[in-house]
Amino acid sequence: MNYRKIVEDRKRRGDIDIVKVRLSNYGKNLKLIDEIKSEIRGKRDRLGMLRCGWSDSDPTSGGGSSQEEKIIFMLDEIQSLEDEIKEIRRGDREIRKAISMLNDNMLESIVFRLWVYDKGCKYHDTIRGLAVRYDLSKSMIWRKSDIALLSIYKSLYND
């Protein structure tokens, strides 16, 4: 029995599992960014409505107008959300770069469709679906997936 091969296969599987978790988190972060962008759009719409209803901006008794305060508060919230998106993207820069270093568009597509997008996403696919799409066997798709995941692992941890 070749014990070295068994240990190497087990290590390879562990490396692949690590990358799968990182890719899953990356997908969740992409979904979170979409939710934050949607919230920003809603706040910008409400901001537009606040401005439309602004008839008299003169403060009474030397204080600020409540409309003005609401607008400033809303702009601060929007800025905070935009900063949050930047921070999420900054955290995902490493995994994004590793994915972009894949030398084959098919490998990149397999990674996104299997491991980044979750099952509820319209872009998620199955091994069978990818096999039909690329006219390959399911085992070949698995092999290509493993190659891509190991390549990402090497980009993340061996550079």
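First, my burial scale: buried means under 20% relative accessible area, exposed over 50%, and partly exposed in between, with a 1.4 Å probe and protein chains only. The model is predicted, so I kept local features at pLDDT of at least 70 and side-chain atom pairs at pLDDT 80 or more, while totals for chains, interfaces and linings use all residues. Numbering runs from 1 along each chain as its sequence is written, and side-chain values use heavy atoms, without hydrogens and water.

**Aromatics.** I looked for ring pairs of Phe, Tyr and Trp (six-membered ring for Trp; centres within 6.5 Å; planes under 30 degrees apart are stacked, over 60 edge-to-face, the rest tilted). How many aromatic pairs does the structure hold? I got four. Trp 115 and Trp 142 make a tilted one, with 6.3 Å centre to centre and 45 degrees between the planes. This pair links distant parts of the chain, as Trp 115 sits in helix H3 (residues 105-116) and Trp 142 in helix H5, 27 residues apart. My helices are DSSP runs of H or I with at least four residues, numbered from the N terminus. Trp 115 has 19% relative accessibility, so I log it as buried; Trp 142, at 41%, is partly exposed.

Next I checked Tyr 153 and Tyr 157: ring centres are 4.7 Å apart and planes at 45 degrees, so this pair is tilted. Both lie in helix H5, four residues apart, or about one turn of the helix. Tyr 153 is buried at 13%, whereas Tyr 157 is partly exposed at 38%. I also noted one aromatic cluster, formed by Tyr 26, Phe 112 and Tyr 117.

**Patches.** My patch residues have over 30% relative accessible area and no salt bridge; like charges are joined within 9 Å, nonpolar side chains within 5 Å. A salt bridge here is a side-chain nitrogen of Lys or Arg within 4 Å of a carboxyl oxygen of Asp or Glu. Lys 37, Arg 41, Arg 89, Arg 93 and Arg 96 form a positive patch. Helix H1 (3-52) and helix H2 (66-100) each give two or more residues to this patch. Which helix gives the most? H2 does, with three residues. Arg 41 belongs to H1.

Met 1, Tyr 3 and Ile 6 make a nonpolar patch of about 400 Å². Met 1 is in the segment before H1 and is exposed at 80%.

**Backbone.** Asp 135 is not a glycine, yet I find a positive phi of about 55 degrees there. Asp 135 falls in the loop between helix H4 (127-134) and helix H5 (138-157), and at 69% relative accessibility this residue is exposed.

Note on methods. Accessible areas come from the Shrake-Rupley method with a 1.4 Å probe; for residues, only the protein chains shown count as cover. Lys and Arg count as positive and Asp and Glu as negative; His and the chain ends are not counted. The place of a charge is taken as NZ of Lys, CZ of Arg, CG of Asp or CD of Glu.
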